[in-house]
Structure formats: C-alpha cells, structure tokens
There are 2 protein chains.
Amino acid sequence: MTLQKNWHCKEAPIGIFDSGVGGLTVAREIARSLPNENLVYFGDTARVPYGSKSKDNIIRYSRQIIRFLETKKVKAIVIACNTASALALEVVCKEIDIPIIGVIVPGAKVAVETTRSKKIGVIGTEATIHSNVYTTIMQQTDKEIEVVDKACPLFVPLVEEGFAKHKVTQEIIDYYLSPMKASGIDTMILGCTHYPLLRSRIKEYLGEGITLVNPAYETALNLRELLLKQQLLNETKQEGATSYEFYVSDAAEKFKEFANSIFPYDASTTQEINIEEY
Amino acid sequence: MTLQKNWHCKEAPIGIFDSGVGGLTVAREIARSLPNENLVYFGDTARVPYGSKSKDNIIRYSRQIIRFLETKKVKAIVIACNTASALALEVVCKEIDIPIIGVIVPGAKVAVETTRSKKIGVIGTEATIHSNVYTTIMQQTDKEIEVVDKACPLFVPLVEEGFAKHKVTQEIIDYYLSPMKASGIDTMILGCTHYPLLRSRIKEYLGEGITLVNPAYETALNLRELLLKQQLLNETKQEGATSYEFYVSDAAEKFKEFANSIFPYDASTTQEINIEEY
C-alpha cells in the first residue's frame, strides 16, 4: 500500500497538464464539476504540438512536467492531453504515488456504454490514432466493438488560429469525416482536447443519429469519483476565491489570450517556467 | 581577423538548419546551385514549430543546433528558417567563427531591387511578421519602401498535411491575401520556407502584376558568393556521389516521408539525435 505523504490533503491543488492550451477544455470541465478545488495548470507551449512527436519524447516531457507539478504539492494529476494519455500514462503512473488519470479511459468507457450499434468513431491527432489506444481499451471492455478512426491534424491549427466558425472549417470537417458519417457509427469520441471547441460544427455535420463523447467532461466526473474514493475531495467552500494557477513553458502572453477566450476564469497570472530544468 | 580553423577546407560540408522540414526548400536550392557541395541538414522536429515561440527560446535552440553542426565540421552555416533568421542570427553570428547566413537578408535585398512601386508585401509566420525584420532591413536599404505584411499561420499545417492542392487552401489564400492583393504592392516575399510549396497557387491568386520573391533561391546565390569570397567554394567534382546527411530531433520516419516528397535526393539515411544534449 502506498504511503500517504503529508501534502496529500484535501486543500492541496489538482495538477492538470497538456501540450498547450487544449487542456483548458478539461480544466474548464473540472472547474465546473469540482468548484471547490484549487487547480494548477501547466501548458507545454515550448514543445507543442505533441501529436506529431515520438513516444520516447512524450514520456520524457510527461516526466518533467510531473516533477514540476510535484513541486506544487498537487494531490492528484490529470493528463489533459490525449496524446500524452495515450503514450505516457501507462509508464508514468507506475513511477509516482500521486493518483494520476488521463482522458482516454473515461472517454472510452462512456463510448462503450453509449453505443447500440457497437460501432464507434474516434478522431484525434496522428499520434493518438496511430497508438490505437482507444480501440484497445474499448475492445478490452467489449471485444465486439468495431472502431472507425481518423486523424484530423488540421483541426488543432484551425481552432488555434480562430477559424472555428470559418466556412473552410466546414469543408475540412467534410474532408475528414465524410467516410465516418457513412460508416454506420452511432457514437464518436472527440479524442483531442481542442475538438470540443468544434463540437457544434461536428454535431451539425454528423447529425442527430451520432452521439458525441467529450472525454473532458467524462474525465472531470472520473476525477470526482477518484478523489471521493481516496478521501481527497475538497467539499468545503474556501474563503475567498478558489485558486487557479497557470504555468507555461513559452510565450505566456499568447497563452493568456487564448486561455481567456475559452476559460471562464482570468488567466492573467500565467507564469513562464523552464521545463527542461525539471 | 578571424583565424581559419583547419576544418575550414573546401571539401567540408555546408550545415543547414530549420525548425523542421520546411528548410528542405532551401537545401534543394543550394543543392541545385552548388552541385559539388556536401550538405548536412538538421530539422528540429522535436521543437517545431518555431513560429509561435519566444525569441529567447529560438536563440537557445539555434545555439544548440550550431554546436551540433560544429561537430560535423561544417565550413559554413545557413539558417534556413525565417523565424530563426529573424530572431537569432544577429546574436549567434557574433558567437562563432564559421560564416553564417540567414534567409532574410537575401530575400529582402532582391525584393528592394525588384520593386518599382516601392510597395512590398511580406508573408510569414507570426514570429517573423511580429519581429518586423523584413521591414527593418528593406527600409535600411531604401527608406521610402512601404511594407504590407501578413502572418499566415495556417499555410504551414496545410502544406505539411498535404493540402497544398486542395480547394480549401485557395479559400485560405483568399482569406489571408485579399487585402494584400488590393494594396498596390508589385513584389511579395514568401517569408517562410514552406511557402514556396504554395508558390503556384499564390501566384495564380495574386496575378502577373506581382513578382514573388523566394528567399530560398536568393539565399543559395548569396551562399555561393560568400563561399567564393572566402575561398571555400568546392569547384571540383567529387568522386562518387555528393554527400547529403539528414538529422532530426524527433520522428525521423515522418521526416523522411515528407523529405522524399520535396527533395530530389534520397533522405533515407535520416538519423535522430537528442538536440538537448548540445
């Protein structure tokens, strides 16, 4: 049994990390579901994007970030990045004694519970899709599940450059998703943290017959269960505001701008750190 | 006067570096203009893209890559990345005794020589445009030059994801460049190494009245002049093939695929190195 270290108290913050700004969609869901919790968010903006990088590097980056979050005395860690959840969680969870969860398992679990046709769509970055991790996890639960997956590498830059509502985004959605729309799936996982920001466009394109699963939302619910089970849930209202701290590895200004556009809390305190030192 | 070190011989290779694959358009022009030269190419695929990162980090990355290229005993270095040329060249050129050039000055010089209206367009990454470096250099030559610039951050992912010929690229060209088309420029600099791969689409959009400047081509000519002047030009045909070596900081497989599609020489020898060690 793992020894509880003295910083594992209910008031300690939850650490959340991502390759950049995308994980803020996960932080947003956690803040909504767990309004009493303090959060420390790290966005690896110096090394974004993870989606096109190798497994070895993603593991190295994740270890550095976990060491940084440990200095913030976090009581739990959420890997808010699908790529890092797919490639690094299995390795790093064995190396630390803080509870740690990723976004893949919660999303996969709900997709399997939701589907009637047993045919599930998954979209994500190249690395996530190539890792086959959603398929592996869903078929461990139900081996009859059939998966139709597609890497959609242009969705992230389109969202980050403010094209979410531009008509070219509709055409790129059509380009990537037309075979999926015709494939007979009834459930689709938005397997990249940026994709919830295209949710309404994708929903409109795929139609009412396909249920979209947002792993960010499911992860927040899973985190709540985990904290309850470990008696780490902060159930008492804090005096003053809940604390949200934001750290990045580069270009704090640009992060703040994007963060303030999607996160309903002020990210003005964003600090830049040198992650290679951890 | 700088001492000539013993590896500064004509047979030594030329070092070329970029944030990723884009600089291969520069390597291609150098290989065409200087067919006897051996080349060592480094693509920083672990930390790509540079365009959205800070000056301090771009300088740190450039220093590490120069240290790596020095281990390959290069006789000259070409910074084939507009962002690194804009943000790091001025600093790093004072720190080494190997001749080093970037892609900005050659492109800026030819644009000033070409324009009649003295109104020049510049497109590039956010970091390049934000640095204002093309404008500064062109106005140093002719203070009457007026510059119309525009960051086009979606062009790189569109090229890298194989959308160069897709119709959405035409719409994004229109989105970014319609004010520029109407602005009265007669010359436009393709201020990012990926953009020559969209050259014909941009040319078609802007029409015959606007001359496109490709800094990759001008850089190859400048390099030739520099090597001649320093008596470092390799004018004798080598026995066997000229040597082209490719190194990357991550995902060598993906690099090879893209490299082979735009570079007319086999990049199958691409090796991955840990650039953080330099």
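The buried residues of helix H5 of chain B pack against helix H3 (82–87), strand E5 (119–124), helix H7 (133–141), strand E7 (187–191), strand E8 (211–213) and H11 of chain B. Helices here are DSSP runs of H or I with at least four residues, strands are runs of E with at least two, and both are numbered from the N terminus. A residue is called buried if 20 or more other C-beta atoms lie within 10 Å of its own, exposed if 12 or fewer do, and partly exposed in between, with C-beta atoms placed from the backbone. Two residues are in contact if their C-beta atoms, placed in that way, lie within 7 Å. In H5(B), which spans residues 104–114, the buried residues are B:Ile104, B:Val105, B:Pro106, B:Gly107, B:Ala108, B:Val110 and B:Ala111.

This is a predicted model, in which local features need pLDDT of at least 70 and side-chain atom pairs count only at pLDDT 80 or more, while totals for chains, interfaces and linings use all residues. Residues are numbered from 1 along each chain as its sequence is written, and chains are lettered from A and ligands numbered from 1 in the order in which they are written.

Chain A shows how the fold is divided.

Two packed helices are described by the angle between their axes and the distance between the axes. The axes are lines fitted to C-alpha atoms, for helices over the stretch in contact, and the angles run from 0 to 180 degrees between N-to-C directions. Helix H5 (residues 104–114) of chain A packs with H11(A) at an angle of about 105°, with the axes 8 Å apart. H5(A) and H11(A) are therefore roughly perpendicular to each other, since angles of 65 to 115 degrees count as roughly perpendicular, those under 35 as roughly parallel, those over 145 as roughly antiparallel and the rest as oblique. In this contact A:Pro106, A:Gly107 and A:Val110 of H5(A) meet A:Pro215, A:Glu218, A:Thr219 and A:Asn222 of H11(A), and the residues comprise 3 nonpolar, 3 polar and 1 charged.

In chain B, helix H1 (residues 24–33) and helix H11 (residues 215–229) pack at an angle of about 45°, with their axes 8 Å apart, which makes H1(B) oblique to H11(B). From H1(B), the residues B:Thr25, B:Val26, B:Glu29, B:Ile30 and B:Ser33 meet B:Ala216, B:Tyr217, B:Thr219, B:Ala220, B:Leu221, B:Leu223 and B:Arg224 of H11(B). The residues of this contact of H1(B) with H11(B) divide into 7 nonpolar, 3 polar and 2 charged.

The contact between the chains takes 17 residues from chain B and 17 residues from chain A. Helix H9 (residues 167–181) of chain B gives the most to the side of chain B that touches chain A, with 3 residues, and that side of chain B divides into 7 nonpolar, 3 polar and 7 charged residues.

Some backbone details lie in the loops. Most residues other than glycine have a negative phi, and most peptide bonds are trans. The peptide bond from A:Val48 to A:Pro49 is cis, with omega near -5°, and A:Pro49 sits in the loop between strand E2 (39–43) and helix H2 (55–71) of chain A. In chain B, a cis peptide bond with omega of about -5° joins B:Val48 and B:Pro49. A:Gln231, in the loop between H11 and strand E9 (244–248) of chain A, has a positive phi near 55° and is exposed, with 9 other C-beta atoms within 10 Å. B:Lys118, in the loop between H5 and E5 of chain B, has a positive phi near 60° and is partly exposed, with 16 other C-beta atoms within 10 Å.

How values were computed
Nonpolar A, V, L, I, M, F, W, Y, C, P; charged D, E, K, R; others polar.
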